[in-house]
Amino acid sequence: MKGIIHEWPDYLAEIFRATAAGGRIELTEMSMRFTSQNRSLCKDSGLKVMERAIQKHAAFNRFDLEIGSKLSSLVERTGFHSVEENVVEIPIGGWHSGQKSNESRLQQMAL
């Protein structure tokens, strides 16, 4: 959603308004920072090239790529309660002899 929503407070306010009392929502945001556990991901790797392209696109279109780290507090300020945040590492690419490959972080919120 980070590449679609410009005004997160307004978006969340509308979700809050439309959610029935006792209802639940779930929001999922993905980090756009690609890393590897062994620091072997060089700046000219395909993932890093894609990351820079996404960052340029986001800057040009005024999208907040860091919304995932801010979402819990925005959701609570909107009026939701019992906010739960889970950060999950997702492997990207193949596994190499028992070693994890490139990973991204996925932030999930169950409200």
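Is S82 buried or exposed? S82 is exposed, because its relative accessible area is 61%, where exposed means over 50%, buried under 20% and partly exposed in between (1.4 Å probe, protein chains only). The model is a predicted one, in which local features need pLDDT of at least 70, side-chain atom pairs count only at pLDDT 80 or more, and totals for chains, interfaces and linings use all residues. Residues are numbered from 1 along each chain as its sequence is written, and side-chain values use heavy atoms, with hydrogens and water left out.

A look at the overall architecture comes next. The protein contains 3 helices and 3 strands, both taken as DSSP runs numbered from the N terminus (helices H or I, at least four residues; strands E, at least two). Along the sequence these elements follow the order α-β-α-α-β-β. Of the 111 residues of the protein, 32% count as buried.

The interior can be described through its nonpolar core, a set of buried Ala, Val, Leu, Ile, Met, Phe, Trp, Tyr and Cys residues joined through side-chain atoms within 4.5 Å. The largest such core has 12 residues, namely I5, W8, L12, I15, I25, L27, I67, L71, L74, V75, F80 and V83. Helices α1 (8–18) and α3 each supply at least two residues of this core, and α3 gives the largest share, 4 residues. Within α3 (residues 67–78), the buried positions are I67, G68, L71, S72, L74 and V75. An α-helix has 3.6 residues a turn, so residues three or four places apart point the same way. I67, which lies in helix α3, is buried because its relative accessible area is 2%. The C-alpha atom of I67 is separated by 9.2 Å from that of M30, 37 residues apart along the chain.

The crossing of α1 and α3 is right-handed, a term for a near helix turned clockwise from the far one by less than a right angle, with anticlockwise giving left-handed. On the α1 side, W8, P9, L12, A13 and F16 take part, and they meet I67, L71, L74, V75 and T78 of α3. The residues of this contact comprise 9 nonpolar, 1 polar and no charged, with Ala, Val, Leu, Ile, Met, Phe, Trp, Tyr, Cys and Pro counted as nonpolar, Asp, Glu, Lys and Arg as charged, and the others, Gly among them, as polar.

E51 lies in helix α2 and counts as buried because its relative accessibility is 6%. Leaving aside residues up to four places away in sequence, E51 touches M32, R33 and F34. T35 is placed in the loop between β1 and α2 and, at 41% relative accessibility, counts as partly exposed. The C-alpha atoms of T35 and K48 are separated by 8.7 Å, with the two residues 13 residues apart along the chain. In strand β1 (residues 26–30) sits T28, which is also partly exposed, at 33% relative accessibility. A separation of 9.6 Å is found between the C-alpha atoms of T28 and N86, 58 residues apart along the chain.

R62, found in the loop between α2 (46–61) and α3, has a positive phi of about 60° although it is not a glycine. R62 is exposed, with a relative accessible area of 61%. Just after α3, G79 takes a positive phi of about 125°. S82, the residue of the opening question, lies in the loop between α3 and β2 (84–91). Phi of S82 is near 55°, again a positive value in a residue other than glycine.

Notes:
Contact = heavy atoms within 4.5 Å.
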